[in-house]
Structure formats: C-alpha cells, structure tokens
Amino acid sequence: MRKLPRVLVVEDEAAIAELIAVNLRHNGFAPTVVYDGEAAQREVDAVLPDVILLDWMLPGESGVALAKRWRQQERIKTVPIIMLTARTEESDKVQGLDAGADDYITKPFSTQELLARIRAVLRRRAPEIVNDTVQLGDLSLDASTYRVTLSGSEIKIGPTEFKLLHYLMKHPERVHTRGSLLDRIWGDHVFIEERTVDVHVKRLRESLGLAGVMIETVRGAGYRITAQSSSARPKPDIAAA
C-alpha cells in the first residue's frame, strides 16, 4: 500500500487548520494538526513529517523563530517548510525565506495553490536527477547516495540546495541567470519569485562553508560555480606584460 506523505500543519486558527487538513486528506496526504510551536516540536521529535505548513503568527514562539531553530537541527533541517501568513510585503517574504522556509504562501489562498506548492517542494526534496557523481575541485556530489563531500568530509544541505548545487556543478564556469535557475530547479512552480533564488544561493554558500566562495555572483547577470574563486585566482604579472 502506498505511503501517504505526512504533512504537519502548524496553525493556531482552528477553523483554518481544519479546512487545510480536510483538503489534504481528500487529496492523498496524511495531515497532523497542532496549534503552537511547543506541540509542533513534540510532533517532529516523534515522527518526522515529509513537509511542514508553518503559520508565521503563533502563540509563544513565532513560526519564523521556529523555522530558524529547526534549520539548526540535523534531524529536521532538510524537511521542506512552507510558511503561511497574511503578510504580503516583499521584505516579509524575504524574512520568511531567510529564516529557512522553502516557500511562502499568503492568506487567503486557494486549495489548488496550496496543493501545488506542497507537491512542488516534495518534488524538490526527491529531485528526479541522474544518479551520477560530479566532481569540481575538492567538492564532490553523489546523486545516487544524496551526499555532498568537501575534501572527503560530508556536508549536509537541504533538498532545494542539493538540486541547485547539482545543476551548477553539471554546468561549471557558465553564468546562469536567476530566471534560468528558476526554470531548471523549480520547473513549473510559477509562484516562485526570482528573489527566492538569491536566498537559496545564500543558504547553499553557508552550507558549503569554505567552499561557498566557489559560487560567484556575476553582477547584473546571475551566478556561476567555478573550481577556483576569483579572489584565489593568480593575478596577471603586470611587469611581464
């Protein structure tokens, strides 16, 4: 029997939470509803969900604070988080994404939009990519085992960052626009804004640590990955020119 994807719904408004849960059940998901951060933590400690719908405004610890804390915990850091909120300003969206959310949806939202976003983050968690191994400098990515290593030491990164890194490493030294990365990494997920790419690149750099300098920002164009950062490249010998 096919296992239904587990969705943890963290929403303090009971009517909204129940409406979300009913629609999820009718569309092939197994929802669990909690109303605050403390109960949400108990749930993820007991059974790890496949995706989390997290309300921004919660009693006690906010959804933003909760997302930040979860992104520091090894066990849950790769679980996709979709932030639910009535905040519509771009700065709010950026704050939610910077906190660790993979996506952001503003209230009120339609059932179909919510389902599309859930399916999209689940696709990104298990990206359909060739099971190959890519090497760039001391950085190695093994798609078959879902491992990234730097000089032999394993690095933990999230599902979207993994797919982003895999694509960049398959196409090194090229400049990729934000729009092209959206098409390649997020596919037909039309709700995503270009600013989201910047947030995930920043998160990827942080995960890579010292190797983060391999991902370069090309002003006015986009991003590229190189085996050697521009700062580390040898300067031309002016005297010999």
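Predicted model: local features only at pLDDT ≥ 70, side-chain atom pairs only at ≥ 80, totals over all residues.

Reader: How many helices and strands does the protein have, and what makes a stretch count as one?

Author: The protein has 8 helices and 11 strands. Both are DSSP runs numbered from the N terminus: a helix is H or I with at least four residues, and a strand is E with at least two.

Reader: Why is Asp198 called buried?

Author: Buried means under 20% relative accessible area, exposed means over 50%, and partly exposed lies in between, with a 1.4 Å probe and protein chains only. Asp198 has a relative accessible area of 19%, and is therefore buried. Asp198 lies in helix 8 and touches Arg178 and Tyr223, not counting residues up to four places away in sequence. Here a contact means heavy atoms within 4.5 Å. Of the 241 residues of the protein, 47% count as buried.

Reader: Are Ser151 and Glu173 exposed or partly exposed?

Author: Ser151 has a relative accessible area of 57% and is therefore exposed. Glu173, at 45%, is partly exposed. Ser151 is found in the loop between strand 8 (147–150) and strand 9 (153–155), whereas Glu173 lies in the loop between helix 6 (159–170) and helix 7 (178–186).

Reader: What makes the phi values of Ser151 and Glu173 worth a remark?

Author: Most residues other than glycine have a negative phi, and most peptide bonds are trans. Phi of Ser151 is positive, near 55 degrees, and that of Glu173 is positive at about 70 degrees; neither residue is a glycine. As for the peptide bond, the one from Lys107 to Pro108 is cis, with omega near -5 degrees. Pro108 is placed in the loop between strand 5 (103–106) and helix 5 (111–125).

Reader: Why are the buried residues of helix 1 said to line one face?

Author: The buried residues are Ala17, Ile20, Ala21 and Leu24. Seen down the axis of helix 1, they fall within an arc of 100 degrees, so they line one face of the helix. The arc is that of the directions from the helix axis to the C-beta atoms. On the face turned away from this buried side are the exposed residues Ala15, Leu19 and His26.

Reader: What covers the buried residues of helix 4?

Author: In helix 4, residues 90–98, the buried residues are Asp92, Val94, Gly96 and Leu97. Their cover includes strand 4 (81–85), strand 5 and helix 8 (194–208). After helix 4 comes Gly100, with a positive phi near 130 degrees.

Note on methods. Residues numbered from 1 in each chain as written. Heavy atoms only, no water.
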